[in-house]
Amino acid sequence: MNITIKSIHFDATEKLEEYINKKVEKLAKTVGNETEVDVQLKIVKPQTAMNKEASISLPYQGKRIFAEKTADTFEDAILQVLDSLKVQIEKIKNA
């Protein structure tokens, strides 16, 4: 699985990147190891709570699936995005 992490307007820490890689790698069981996954991190409004935005985009069975969530931390946002992607993947599988 090839995971590309882009952090916009800030530099992601190595610890954050390792966390994202670890969590996103779990999708490999479902979508396959040859998948290109794009992860984008962005700070929406630096002075407010709920300002960490994460999005993930990847191909799955000929379609491009995408999810984006905002939370207090990037870790929480990534977990929410992965949950959303799992729902989309199940819908495609069962269609």
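Q: Is Arg64 buried or exposed, or something in between?
A: Arg64 is partly exposed, at 48% relative accessibility. Buried means under 20% relative accessible area, exposed over 50%, and partly exposed in between (1.4 Å probe, protein chains only). This is a predicted model where local features need pLDDT of at least 70 and side-chain atom pairs count only at pLDDT 80 or more, while totals for chains, interfaces and linings use all residues. Residues are numbered from 1 along each chain as its sequence is written, and side-chain values use heavy atoms, with hydrogens and water left out.

Q: OK, what does the Arg64 side chain meet in a salt bridge?
A: Asp38, at 3.1 Å, N to O. A salt bridge here is a side-chain nitrogen of Lys or Arg within 4 Å of a carboxyl oxygen of Asp or Glu.

Q: And which parts does that pair tie together?
A: Arg64 lies in strand β4 (residues 63-71) and Asp38 in strand β2 (residues 36-43), so the bridge joins parts 26 residues apart in sequence. Strands (E, at least two residues) and helices (H or I, at least four) are DSSP runs, numbered from the N terminus.

Q: How many salt bridges in the whole structure?
A: Three. One of them pairs Glu53 with Lys42 at 3.5 Å, N to O. Glu53 sits in strand β3 (residues 52-60) and Lys42 in strand β2.

Q: Is Glu53 buried or exposed?
A: Buried, with a relative accessible area of 14%, whereas Lys42 is partly exposed at 28%.

Q: Switching topic, what order do the elements run in?
A: From the N terminus, β-α-α-β-β-β-α.
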